[in-house]
Amino acid sequence: MGSPFKDHHHHHPFSLAKKLIPWTFYAMIPLVLFRLYFYPYPLHHITTPILTSSSSVSSSTPFVEQETSCDYTSGKWVRDKRGPLYNGSACGTIKEGQNCIAHGRPDMGYLYWRWKPKHCKLPRFEPSTFLQLLRNKHLAFVGDSMARNQLESLLCMLSSASAPNLVYRDGEDNKFRRWYFESHNINISVYWSPFLVKGVEKYNTGPNHNQLYLDHVDERWAADMNGIDMIVLSIGHWFLHPAVYYEGDQVLGCHYCPGLNHTEIGFYDVLRKAIKTTLKALIDRKGANSNGINAFVTTFSPAHFEGDWDKLGACPKTKPYKEGEKALEGMDADMRQIEVEEVEAAKMNSTQLEKFRLEALDITSLSLMRPDGHPGPYMHPFPFANGVTERVQNDCVHWCLPGPIDTWNEILLEVIKKWDSESRREE
């Protein structure tokens with residue numbers, strides 16, 4: 001394969017303006033994300049390849065494949081009277097800050113929408129089908145808090161058919177956990193790894209930046225790779241944090257590191273290198289393995305801050321954007337494009353590996369159209385119990401559960417069904 005960092009695409013050089021994104025907005029996002037994830041209470045101090053899958057004929061024949069392929073990335077949100085598969089009180093695995101209904105969010109309209117792809121149907125999630133397809137397997141979600149958000153959505157969607165039992169927990173804030181579904185002998189895990197590659201996260205007592213080692217995968221999850229059958233990788237937001245980047249023993253550069261004598265290189269190329277290193281590790285360690293691995297990269301999930309993050313009404317919308325109302329552009333488009341391009345490059349490099357499957361779970365556009373799906377001020381219980389105040393913490397990054405993120409797992413299931421159908425044909 002050659003060097004894992006060899007560029008597989010021709011790109012226009014990033015302009016200075018693109019490298020130095022308008023800091024009035026983006027410089028604040030990492031601080032917001034860090035506080036939202038670790039300190040939920042107040043502190044004192046393009047044209048690209050697209051994910052396709054085949055639709056199932058009916059719920060009674062979930063593995064029968066139609067000839068038509070489905071592009072899930074383009075479509076619109078339409079009203080759905082059925083509502084979600086679960087509710088916050090019935091599912092016990094929701095992170096408190098995303099249980100919007102339990103925290104007093106008064107509007108319920110955001111629960112009654114479904115994603116309608118342009119040229120095909122996206123079936124409602126079938127927990128029993130998912131469990132049947134994952135029987136005797138280990139599914140791992142690896143990445144940042146968006147990986148955790150997607151994992152907790154899936155656990156809730158499955159809980160109506162089979163109760164998950166928490167069998168392993170380690171790390172502060174439940175960073176590493178595993179659930180066991182006895183009915184189907186399935187393990188579902190989450191691994192905290194916000195860069196996927198080796199990283200040293202900043203702490204209050206140390207340097208005010210992260211340290212990333214771009215040519216080394218994070219062994220905290222990679223060491224368990226042999227026991228993982230399916231993996232969902234999800235990163236992006238933590239690359240906005242100040243950081244110093246290393247390649248080998250050399251400092252490659254940094255992102256937003258005033259006072260340090262390093263070259264400012266921004267984070268786009270760094271994200272690309274991190275994904276390239278990660279996918280190369282999957283291919284090298286699991287691609288030729290007799291069991292192989294099925295892998296997804298969930299694309300970048302846009303935030304929806306309108307103005308200051310701690311201002312009343314930071315993400316106030318209560319309905320999805322209409323088709324064509326909100327364009328995918330700027331950082332959201334760039335992050336997604338890098339992820340999709342690296343998935344396609346890795347697929348090209350692994351065509352000879354029969355047991356290695358990889359897809360981009362391309363949810364950026366459909367998520368961009370759901371500004372109504374975030375907790376906002378309801379990241380805290382009943383934030384206006386003592387009256388409305390001008391300043392209030394808002395989470396306009398993560399997703400309410402239930403909420404739009406459940407759609408990610410509906411698409412996930414459809415691709416798994418497609419893979420299962422392909423495997424049956426090959427036998």
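**Reading rings, a helix and a pocket**

Modeller: In this predicted model, Tyr 213 has a relative accessible area of 18% and is therefore buried, since the cut-off for that word is under 20%.

Colleague: How is a pair of aromatic rings described, and which kind of pair do Tyr 213 and Tyr 246 make?

Modeller: Two things describe such a pair, namely the distance of the centres and the angle of the planes. For Tyr 213 and Tyr 246 the centres are 4.8 Å apart and the planes meet at 15 degrees, so the pair is stacked. It joins distant parts of the chain, because Tyr 213 belongs to strand S10 and Tyr 246 to strand S12, 33 residues apart. Tyr 378 and Phe 384, by contrast, form an edge-to-face pair, with 6.1 Å from centre to centre and 85 degrees between the planes. Of these two, Tyr 378 is buried at 13% relative accessibility, while Phe 384, at 23%, is partly exposed.

Colleague: How much space lies in the largest pocket, and which residues are closest to its centre?

Modeller: Rolling a probe the size of a water molecule over the atoms shows where empty space is left. Here the largest pocket holds about 760 Å³, and among its 26 lining residues Lys 137, Asn 294, Lys 355, Arg 357 and Ser 423 are the closest to the centre. Helix H10 gives the largest share of the lining, 7 residues.

Conventions: Residues are numbered from 1 along each chain as its sequence is written. This is a predicted model: local features need pLDDT of at least 70, side-chain atom pairs count only at pLDDT 80 or more; totals for chains, interfaces and linings use all residues. Side-chain values use heavy atoms; hydrogens and water are left out. On a 1 Å grid over the protein atoms alone, a cavity is a set of points where a 1.4 Å probe fits but cannot get out, and a pocket is an open set with protein on both sides within 12 Å along at least five of seven lines; lining residues have an atom within 4 Å of a point. Grid points are joined across faces, edges and corners, and a volume is the space filled by probe spheres set on the points. Helices (H or I, at least four residues) and strands (E, at least two) are DSSP runs, numbered from the N terminus. Rings of Phe, Tyr and Trp (its six-membered ring) pair if their centres lie within 6.5 Å; planes under 30 degrees apart count as stacked, over 60 as edge-to-face and the rest as tilted. Buried means under 20% relative accessible area, exposed over 50%, partly exposed in between (1.4 Å probe, protein chains only).
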